[in-house]
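Subject: Handing over a structure

Dear colleague,

Please read them with the structure open beside you.

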Amino acid sequence: MPLIIVFTECGLELIPKQIRSHPAVKKNLSPRIYASQLLDNTLHFSAMKDLKNFQKRGRPDITHICLLNALGSSLNKSGNLIVFVHTFNNKIFRFNPEIRITRNYNRFKGLIAKLLIDGRIEIESLKLITPFEGNLQNLIDNFKDPEVCILSSKGKRIKDYEELFIKDINKNYIAFIGGFQKSGFSKYIKNLSDNLISISEYSLDAWVATNRIITYYELIYGIL
Ligand SMILES: C[S@@+](CC[C@H](N)C(=O)[O-])C[C@H]1O[C@@H](n2cnc3c(N)ncnc32)[C@H](O)[C@@H]1O
């Protein structure tokens, strides 16, 4: 019954060692400030150009907006949404549906840097963000009767939102949504499922695609 969303290949990582001495990085970096340790292409663009796949990296803002939209939805408030974040470096985290993600972008960056350093976020033994030990295939296998779709502008276009989900309380729908700016899913992600679905004739921002599929799911289950 719950919808499982995996924000995939999110541009979230600590500043890689190889560019830590670049002037554009050194200018803002402080070992005491978590937020300054996260790669952010607005600040580090000139240093990032030599990084492999740099177009997909250093975009914490995308994950931030996606999480605010997903966790603030009626679907989440009704207890029917499970959210995972998978990073560019293949780390996977599960977000507690009750976590209140800070609205402030800089604080969000601090939270994510702390998460990547400590491996989890807990407050007084309340687990807010926990690591998923395993890869994305293990994540899929963890759910009974999973139905996986990869949302992509290059996928098979649906004509009606009801094509996307069939009301079936025994099914676990898992939707992969890219948490990156440009370029497509890696081969590793595409190998997880043949079911590539497009929900628009346009290439949408990840948070717009997120809102849409959550709304579709809410409409199918009458969650308003
Ligand atoms: C900014 S896009 C990534 C760039 C890429 N050009 C694309 O559209 O796949 C971020 C994510 O939003 C989702 N998305 C964007 N447009 C979509 C569409 N027309 N149908 C389904 N998902 C879409 C995909 O999951 C995509 O990875």
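**The hairpin and its loop**

In the hairpin that strand 4 and strand 5 make, two residues lie between the strands, and Glu124 there takes a positive phi near 45°. This is a predicted model, in which local features need pLDDT of at least 70 and side-chain atom pairs count only at pLDDT 80 or more, while totals for chains, interfaces and linings use all residues. Residues are numbered from 1 along each chain as its sequence is written. Helices (H or I, at least four residues) and strands (E, at least two) are DSSP runs, numbered from the N terminus.

Ser125 is placed in the loop between strand 4 and strand 5, and its phi is also positive, at about 65°, although Ser125 is not a glycine. Ser125 counts as exposed because it has 5 C-beta neighbours inside 10 Å; a residue is called buried if 20 or more other C-beta atoms lie within 10 Å of its own, exposed if 12 or fewer, and partly exposed in between, with C-beta atoms placed from the backbone. Another residue of this kind is Ser183, which is not a glycine and yet has a positive phi of about 75°. Ser183 sits in the loop between strand 7 and helix 7 (187–190), and it is exposed, with 12 other C-beta atoms within 10 Å.

Eight strands form an open sheet in the order 4-5-3-2-1-7-6-8, with mixed pairing; two strands are said to pair if DSSP finds at least two bridges between them. Strand 4 and strand 8 (196–198) stand at the edges with a single partner strand each, so one side of each has no neighbour in the sheet. From one strand to the next, the twist averages 25°.

Strand 4 and strand 5 pair in the antiparallel sense over three bridges, and Glu122 has Lys127 in strand 5 as its bridge partner. Strand 3 and strand 5 also run antiparallel and are joined by three bridges; in strand 5, Ile129 is the bridge partner of Phe95, and Thr130 that of Arg94.

Strand 1 pairs with strand 2 (residues 81–87) in the parallel sense over six bridges, and Cys10 stands opposite Thr87 in strand 2. Six bridges also join strand 1 to strand 7, and these two run parallel, with Ile4 partnered by Ile174 in strand 7. Eight of the eight residues of strand 1 are buried, so this strand is largely enclosed by the rest of the structure. Helix 8 lies across strand 1 (3–10), strand 6 and strand 7, and runs at about 165° to strand 7; axes here are lines fitted to C-alpha atoms, for helices over the stretch in contact, and angles run from 0 to 180 degrees between N-to-C directions.

Gly119, with a positive phi near 85°, follows the helix.

Ile62 is found in helix 3 and counts as partly exposed because it has 19 C-beta neighbours inside 10 Å. Leaving aside residues up to four places away in sequence, Ile62 touches Cys10, Gly11, Gly179, Phe180, Gln181 and Ala206, where contact means C-beta atoms, placed from the backbone, that lie within 7 Å.

**Around the ligand**

The ligand is surrounded by 17 residues, of which the closest are Leu151, Ser153, Gly178, Ser203 and Leu204; a residue counts as near if its C-beta atom, placed from the backbone, lies within 6 Å. Strand 6 (146–157), strand 7 (172–178) and helix 8 (206–221) are the elements that give two or more residues to this shell, and strand 6 provides the largest share, three residues.

With regards

Technical notes:
Two residues are in contact if their C-beta atoms, placed from the backbone, lie within 7 Å.
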